[in-house]
Number of protein chains: 2
Amino acid sequence: MSNIISGKELSNIILDGLKNKISKIKEKRLPKIAIVQVGDNSASNKYIKHKIKGANNIGMLNEYIKLKEDITQSELELQIKKLNEDTSVDGIIVQLPLPKQINANTINSLIYPSKDADGFNPTTIGNVVLNNTDIYPATPSGIIKLLEWKNINLVGSNVVIIGRSNIVGKPLANILINKSATVTICNTKTRNLEEIATNADILISAAGSANLINKNFINKNTVVIDVGANFIDGHYCGDVNFSEVGEIVKYITPVPGGVGPMTIACLLENVYKLYLKNN
Amino acid sequence: MSNIISGKELSNIILDGLKNKISKIKEKRLPKIAIVQVGDNSASNKYIKHKIKGANNIGMLNEYIKLKEDITQSELELQIKKLNEDTSVDGIIVQLPLPKQINANTINSLIYPSKDADGFNPTTIGNVVLNNTDIYPATPSGIIKLLEWKNINLVGSNVVIIGRSNIVGKPLANILINKSATVTICNTKTRNLEEIATNADILISAAGSANLINKNFINKNTVVIDVGANFIDGHYCGDVNFSEVGEIVKYITPVPGGVGPMTIACLLENVYKLYLKNN
């Protein structure tokens, strides 16, 4: 099918580019990512494995700090402060979710914006809104790159985003607003969701609800970006009923192989950008 | 007309409340706002006069720092740093617009978030997006208060915002997203603006374009919020053709006497909130 936007393909292009740039670094330290995990969540273990593998593949240094599940807020804060002050570290990520005793907002606020690889710090988010930065949270960044790669027009386009999370929906909406799209952001309280969606030029589903998007949400000119990462009966799938929708729409991202690999590539690209800024 | 939402009335209620609270402060210093102006822009002179008058009326201390038009970036930054360190000052505002030699983003980023009365600092904006703060930029804050005052439902409502400025459109969109509205944010590139607007439950125009909103943009159930502040032939007006639209819609804010006085009241309320946090 020619209407598939392959995140796997584009992420490989990005990663190859980073690998090439890093391989040319001489007589200076290499970029480094620090990955902090609290506890032993199995999905987190998997995601982190992918991130470390990605970093190793492109020659990026990495430090994996796995902390005990019952760590206190102040112990974790101390760890972040150490990494903030460590001049060998360019980007810090704290893998979510965090256990209940930890205030994730406080942790994200503590990471220096100059080392905020995930883009979850309020200052980073604010600069995204104000169009003051080229460091976007990784998933929104990946989505923008996929759209631009396929020369999909954003200026004046009707973009509908389903989902308003702090890490996808809201930052993505602000980036698209700055790129002169007309953006509608929907949530679980939205009335007439199907009607709103069918009028979209670009429909981005980040609802986390398998098979939410069927043929009633789309038209033949819709570009569908599926940000869903759902596990149904041990099977990994997105928000879109791909077999029903895929044949009709103009473009669509698959799951797996769509937004997922872009997120990792863009995270590592953020670390490289921070490295350049801090050097 | 019973469908008018009077910002004048609500702002007086807010200001009376602040006056009452400030009058009860004993044996402690009073809240203080510092207003920085560069140059002698006549509209700025007028706005600042209103802010000072408002502060004086409620018993809030104020310091008006008027700097020469050709001040350098570093001179202005030094002034901000002084005010940041001045423990008698709770809120700092730098009146916009600033002259060309000044980078306004850098200036706004420099104001401590703990003294950011206008809410233009990236960290403040980021915390608005993340729903981590009750300090909103003054105009969006005023609009939310007007809607809540009239018990206008936000959850699941279709809100259309025309205009995507850093000080109104974008922060307002994020606040409304957090309040579970379905938010569409339009700009000058938007196609079918009339069609999008007529489907709104709440239509907020912050376009800065006199008479933009006529009867083709509304229906009898629309709540219209007019954020426009336009001068046409020496006459002050909003974005809405009030005589045409006012009789049809469910609710409407007038200009003058709508959003304008709310902005000043909410700015002073922000200073009072910062005073409480910093004490």
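Reader: Which residue stands opposite Ile161(B) in strand 6 of chain B, and what makes strands 4 and 6 of chain B a pair?

Author: It's Ile204(B) that faces Ile161(B). Strand 4 (residues 158-162) and strand 6 of chain B run parallel and share four bridges; DSSP has to find at least two bridges for a pair, so they qualify. Strands here are DSSP runs of E with at least two residues, helices are runs of H or I with at least four, and both are numbered from the N terminus. One caveat: this is a predicted model, where local features need pLDDT of at least 70 and side-chain atom pairs count only at pLDDT 80 or more, though totals for chains, interfaces and linings use all residues. As for bookkeeping, residues count from 1 along each chain as its sequence is written, chains are lettered from A and ligands numbered from 1 in the order written, and side-chain values use heavy atoms, with hydrogens and water left out.

Reader: Where else does Ile204(B) have a bridge partner?

Author: In strand 7 of chain B, where the partner is Ile225(B). Strand 6 (residues 202-205) and strand 7 (residues 223-226) of chain B run parallel, with four bridges between them. In chain A, strands 6 and 7 also pair in the parallel sense over four bridges, with Ile204(A) opposite Ile225(A).

Reader: Why are both faces of strand 7 of chain A called covered?

Author: Val223(A) and Ile225(A) on one side, and Val224(A) and Asp226(A) on the other, are all buried. Buried means under 20% relative accessible area (exposed is over 50%, partly exposed lies in between; 1.4 Å probe, protein chains only), so each of the four falls under that 20% limit. In strand 6 of chain B, Ile202(B) and Ile204(B) point one way, Leu203(B) and Ser205(B) the other, and all are buried.

Reader: What makes the sheet open, and which strands are at its edges?

Author: The 10 strands run in the order 10(A)-7(A)-6(A)-4(A)-5(A)-5(B)-4(B)-6(B)-7(B)-10(B), with mixed pairing.

Reader: Why is Arg191(B) with Asp201(A) called a salt bridge?

Author: Their closest N and O atoms are 2.4 Å apart. The rule wants a side-chain nitrogen of Lys or Arg within 4 Å of a carboxyl oxygen of Asp or Glu, so the pair passes. Across the interface, the rule finds two salt bridges. Helix 5 (122-129), helix 7 (169-178) and strand 5 (182-186) of chain A each supply at least two residues of the side touching chain B. Helix 5 gives the most, with six residues.

Reader: How many residues are in contact between the chains?

Author: 33 of chain A with 33 of chain B, contact meaning heavy atoms within 4.5 Å. Together the chains bury about 2900 Å², 50% of it on carbon and sulfur atoms; that's accessible area (1.4 Å probe) lost on being put together, summed over both.

Note on methods
Buried area = accessible area lost by both parts, 1.4 Å probe.
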